[in-house]
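Please look through the sequence and the model below before reading on. The paragraphs that follow lead from a helix to a pocket, then to ring contacts and a few single residues.

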Amino acid sequence: MTKAFKTIALVGKPRNQDATTHLSLFHWLKEKGFTPLIDNRLEPLMEAPREVFRDLLSLGKEADLAIVIGGDGNMLGAARVLSRFDISVIGVNRGNLGFLTDLDPDDFENELLEVLNGNYLVEERFLLEAEVHRHGQLKSHNAALNEVVLHPGKVAHMIEFEVYIDGDFAFSQRSDGLIAATPTGSTAYSLSGGGPIVSPRLNAITLVPMFPHTLSCRPLVVDGARVIKLIVSPDNGSVLEVSCDGQVSLPVSPGDEIRIYQSPAKLKLIHSSNYNYFNTLRNKLGWSSKLF
């Protein structure tokens, strides 16, 4: 599959060590005949014409491709906005693991040029929508590329809640919370909580209990089209939180209802043509190499 990219958005957060990469990439793209635009959060750190700076919403509307420079956290923040638009996204890794930002920051020009010439792979990653309802009214909502987490907030303690799947009661639980993860998020917080690694091509949602008060409680994988409903016990004595990708927090009161479902928005994530998901897992997680 090929597509001609013309307008390229450079996305990232204002960190000095990344701004140099953004600036050099800005000039490199101009030399190659592309029209680069820059995330306006970087304006204080970069010497570039004011007219090239845009907010994320404008970048999503105007650009054909977004290059996210930074760690997976930068990609998560950008994805929740850019997934609403017809824009492809690729990442240059300036973070730690870099499951989503896979281009080498020290030698990415050749791979990136191949992508810009139309030689790349495309993956569509779905997001989750999280809604908090109180007394039948929607109080807050947000989206997550990795996971939606119900948890006690700043102080860890047991909470009680019921889990429904497509309106059918599944189980009740006393635990520190619950992680609802996409396949993209299966290598993030869910993995740390003992959840399975799920291939990104699977249409599935993983429910991972956090320190459940029973040994029989195990992660559950359900069809991605299901609607997950969590009802917080009215006997919980404190305000809880629902976090989206660990970046956005929605307050939850005793008795509230949380609805989690697949978003209609999709992140169009692209990779260089030599990308292999299992190579990434092996390298990032320290798996053994081939025997022969």
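Which exposed residues does the face of α6 turned away from its buried side carry? That face carries F278 and N283, where exposed means over 50% relative accessible area, buried under 20%, and partly exposed in between, with a 1.4 Å probe and protein chains only. This is a predicted model, in which local features need pLDDT of at least 70 and side-chain atom pairs count only at pLDDT 80 or more, while totals for chains, interfaces and linings use all residues. Residues are numbered from 1 along each chain as its sequence is written, and side-chain values use heavy atoms, with hydrogens and water left out.

The buried residues of α6 include Y277, T280 and L281. They cover an arc of only 100 degrees around the axis, so they lie on the same side of α6; the arc is that of the directions from the helix axis to the C-beta atoms. Helices (H or I, at least four residues) and strands (E, at least two) are DSSP runs, numbered from the N terminus. Another helix, α3, spans residues 72–82 and is mostly covered, with ten of its eleven residues buried. Among the buried residues of α3 are D72, M75, L76, R80 and L82.

Rolling a probe the size of a water molecule over the atoms shows where empty space is left. On a 1 Å grid over the protein atoms alone, a cavity is a set of points where a 1.4 Å probe fits but cannot get out, whereas a pocket is an open set with protein on both sides within 12 Å along at least five of seven lines, and lining residues have an atom within 4 Å of a point. The second largest pocket holds about 210 Å³ of space, a volume being the space filled by probe spheres set on the points, with grid points joined across faces, edges and corners. Its lining includes L121, V122 and E123, together with S199, P200, R201 and H271, and also Y275, N276, Y277 and F278. Both β6 (120–134) and α6 (277–285) supply at least two residues each to the lining of this pocket, and the largest share, three residues, comes from β6. By residue class, the lining divides into six nonpolar, three polar and two charged residues, where Ala, Val, Leu, Ile, Met, Phe, Trp, Tyr, Cys and Pro count as nonpolar, Asp, Glu, Lys and Arg as charged, and the others, Gly among them, as polar.

A pair of aromatic rings is described by the distance of the centres and the angle of the planes. The structure holds three aromatic pairs; rings of Phe, Tyr and Trp (its six-membered ring) pair if their centres lie within 6.5 Å, and planes under 30 degrees apart count as stacked, over 60 as edge-to-face and the rest as tilted. One of these is the tilted pair of F5 and Y120, at 5.5 Å centre to centre with 35 degrees between the planes. Because F5 lies in the segment before β1 (7–11) and Y120 in strand β6, the pair ties together parts that are 115 residues apart in sequence. F5 and Y120 are both buried.

The pair of Y164 and F169 is edge-to-face, at 5.5 Å centre to centre and with 65 degrees between the planes. Y164 is buried at 17% relative accessible area, whereas F169 counts as partly exposed at 47%. The ring of Y164 also has the charged end of K229 over it, 5.0 Å from its centre; for such a contact, NZ of Lys or CZ of Arg is within 6 Å of the ring centre and within 35 degrees of the ring normal.

H135, in the loop between β6 and β7 (137–144), has a positive phi near 55 degrees and counts as exposed at 80% relative accessibility. D245, in the loop between β15 (240–244) and β16 (248–252), has a positive phi near 60 degrees, but D245 is buried, with a relative accessible area of 6%.
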